[in-house]
Amino acid sequence: MFNEFGLISYAAASLAFLLLGGLIVTRYLRRTSDRVLLLSAILSFFWAGSLVTQQLWGEPSFIIRYLLELLRDAGWVIVLLALLRSADRHRMEAHRTRRLLGFLTFSVIFVLFTLAALESLLNIPLVSGKLKIVGQIALSLLGICLVEQIWRNSVQSSRSSIRYLCIGILTLFAYDFFMYTDALLFGQISSGFWDARGAVNTLIVPLLGITMMNTRKQPVEFQLSRNAMFHVSALVFAGIYLLFAAAGGYYVRVLGGEWGDALQMLFITAALSFLALLLTSRRFRARLMVFISQNFFDYKYDYREEWLKMTRELANLSDDPPLPERIVRILASLVESSSGALWVQDEDGNFMLQSTVNLHQPRFTSIDGDCELAQFFGDREWIIDLEEYRNDPVRYNLLEIPDPILKFDRGWLLIPMYLGNELYGITLVGRANARVELNWENFDLVRVVARQTCNLLAQADAQNRLSRAMQFEAVSKASAFMVHDLKTLIAQLSLLVRNANHHRDNPAFIDDMISTTEHAVQKMSNLVDHIRKPASEQGAQAPLDLQQMINELASHYARNQPRPRVTGAPDTAMVRADRDQLWSVLGHLIQNAQDATPPDGEVTLTLKASADHVVLFIQDSGTGMSEEFIRMQLFKPFESTKGLTGMGIGAYQAREYVRQIGGNIDVTSEPGMGSCFSVLLPTVKIAAQPARDVTSGESPTALPDKTEAIPGRAGGLHSS
């Protein structure tokens, strides 16, 4: 089998391992790990050297070379197991893992070594060549699993110290695995694989040398998890299964005659498909996890993993899948189940079915809130095993289980869901995918998770209730604004009715009554339009002269005491707003100033303009307001100082409209010293040419005549 390349390859490997051993002896032979690595280097040197001498002088025999290879593999396994020695002092699981993997690996080596030694002594072929190859594949697979687990579970900070060592040993075992697998499939060892094997071993020696120079005593903190053990078990199972599949495929090809190749491919394809089906089976995975938990761990659960999994499920804020379904899946997965149902208490105290997972839903699903089961859960936080209940009802004091629960054929566990100390829901978990022996640990974890998920379920229900309450609040708020405006219209019309008998013969009164009635009709029409199209709250905006409006407002409210007085008026101040709404806002502020000021006091309207804004100061010498009242109540809707006569929304509505058109309202006041409302509005610039259209009535800023201004008297937002 050898050629010149193979001779050079193994000679180089022998020399490399000799140099590595010399490096360790002269400089690094101070620690146990150094001595173990020296042993492996010596065994590898003899193994590679035996292959060189065999080609040159025909010695040693195959059995000796095979025994040396087994010893070399054992040496590298010892190096890997030495990395776990410190974990034994801290974690019982690490000790178990070392013991298990070491036992399996050395069992394989011992069996192969013993059989080979007996063959050499007795000169009788006890084991076929194919069985030796299968043993080498199993040994390589165990070595790969051990390297993978050491790397996966090592502390991040210590990986730099074992990186080169793990890569080197992994390369060695992986190469042997592929070489012997190829030999098993094709009936002989490939010469290319065999000749390059020495060179591959030579290449890993520098990695081992770097490990010796860079590392100090940094043992691996091995931390075994259930998932890691599950993956190892699945990998070992898959490797063994593939070995049998490969052997079966070989014999199918041998016995198949002319159809041998096709039957071999068919057999291997079917075997791989069955393996994929088996590994993706929920029932198989559940049984494997239960077996691992029962035989390799003190606790049944990896609590860190369970808590992280639950957090990931509940952190999903979307409604796909719905929250009740996710809660059922979380509780079911704790006992290796994949089905269940959830009942939640409604407003009447009964329990309504919220979600079912992989269970057929019966016709009647609601549970009476006063049933015996609800009272039982109200007294004690027990988890009911329905299978145990069916076999021995006396254990649960002959408790009567409602029919909506018993109608689920695959029901298994009844879990109470508590919000605080009150029963909030009931979860039914279906039968497990694997047989699970329940103990205190299962029940404690299920109870804790049930309480946590119940809190989240109650929070989601509270959010839904709050959302509905906010919708009703929005409707109530809109109704309050409508009532406020209607109250103003009623006050105006009532005033007309009271004065009708005294002034029915006065033409001016008749004209004023008609204009006020027209305004009331228009106002109510606007309210109806607002209800139909609430988005158009700002009305039809147009440029208007704020100075002229202030003069008209002062004239209109001059009939009340004290009379408003206009000071510091600029020539013009153009703003963009809806005339009726702005009239109502400013009229409300002026009337409030009059209401808060005695008849002998003062109400002053001062208008000041800048380049981009205009400010209207409405100042009075009335009772004033405290800073706390301004901050907490003045602009808060439904807060009124007028008792039942006020809605408490006038100031709020005024500020909201001013903000809609780009302005703001600010207030300064002191009790007994009066108040000052500052209305800030943005100005607009109007081109000069429309001025000549005033005489023709086409100016875009032309103000309505007196008859159009009169309705504005009824537009104030009175009594807020």
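Among contacts in the protein chain between residues at least 6 apart in sequence, 71% join residues at least 24 apart. The model you are looking at is predicted, and its chain holds 22 helices and 12 strands. Of the 720 residues in the protein chain, 44% are buried.

**Helices α2 and α3**

- Helix α2 covers residues 32-57 and helix α3 covers residues 62-82; their axes come within 8 Å and cross at roughly 160 degrees.
- That angle makes α2 roughly antiparallel to α3, because angles over 145 degrees count as roughly antiparallel.
- The crossing of these two helices, α2 and α3, is left-handed.
- On the α2 side, the contact is made by Val36, Leu37, Ser40, Leu43, Ser44, Phe46, Trp47, Ser50, Leu51 and Gln54.
- On the α3 side, the partners are Arg65, Leu68, Glu69, Leu71, Arg72, Gly75, Trp76, Ile78 and Val79.
- Sorted by class, the residues of the contact of α2 with α3 come out as 11 nonpolar, 5 polar and 3 charged.

**Helices α18 and α19**

- The crossing in which α18 passes α19 is right-handed.
- From α18, the residues that meet α19 are Leu546, Met549, Ile550, Glu552, Leu553 and His556.
- Facing them in α19 are Arg579, Leu582, Trp583, Leu586, Gly587 and Ile590.
- The class count for the contact of α18 with α19 is 8 nonpolar, 2 polar and 2 charged residues.

**Valine 585, a residue of α19**

- Helix α19 is also the place of valine 585.
- Valine 585 has a relative accessible area of 3%, so this residue counts as buried, the cut-off being under 20%.
- Leaving aside residues up to four places away in sequence, valine 585 touches Ala654, Tyr657 and Val658.

**Phenylalanine 193, a residue of α7**

- Phenylalanine 193 has its place in helix α7, which spans residues 191-214.
- At 26% relative accessibility, phenylalanine 193 counts as partly exposed, because that class lies between the 20% and 50% cut-offs.
- The contacts of phenylalanine 193, again not counting residues up to four places away in sequence, are Tyr175, Phe178, Met179 and Asp182.
- Between phenylalanine 193 and tyrosine 180, which are 13 residues apart along the chain, the C-alpha separation is 9.2 Å.

**The two faces of helix α20**

- Helix α20 runs over residues 627-634, and its buried residues are Phe629, Ile630 and Leu634.
- Seen down the axis of α20, these buried residues fall within an arc of 100 degrees, so they line one face of the helix.
- The face of α20 turned away from that buried side carries the exposed residues Glu627, Glu628 and Arg631.

Note on methods. Residues numbered from 1 in each chain as written. Predicted model: local features only at pLDDT ≥ 70, side-chain atom pairs only at ≥ 80, totals over all residues. Heavy atoms only, no water. Left-handed = near helix turned anticlockwise from the far one by under 90°. Helix = DSSP H or I, 4+ residues; strand = E, 2+ residues; numbered from the N terminus. Contact = heavy atoms within 4.5 Å. Nonpolar A, V, L, I, M, F, W, Y, C, P; charged D, E, K, R; others polar. Buried < 20%, exposed > 50% of the residue type's maximum accessible area, 1.4 Å probe, protein only. Arc of directions from axis to C-beta. Axes fitted to C-alpha atoms, helices over the stretch in contact; angles between N-to-C directions. Parallel < 35°, antiparallel > 145°, perpendicular 65-115°, else oblique.
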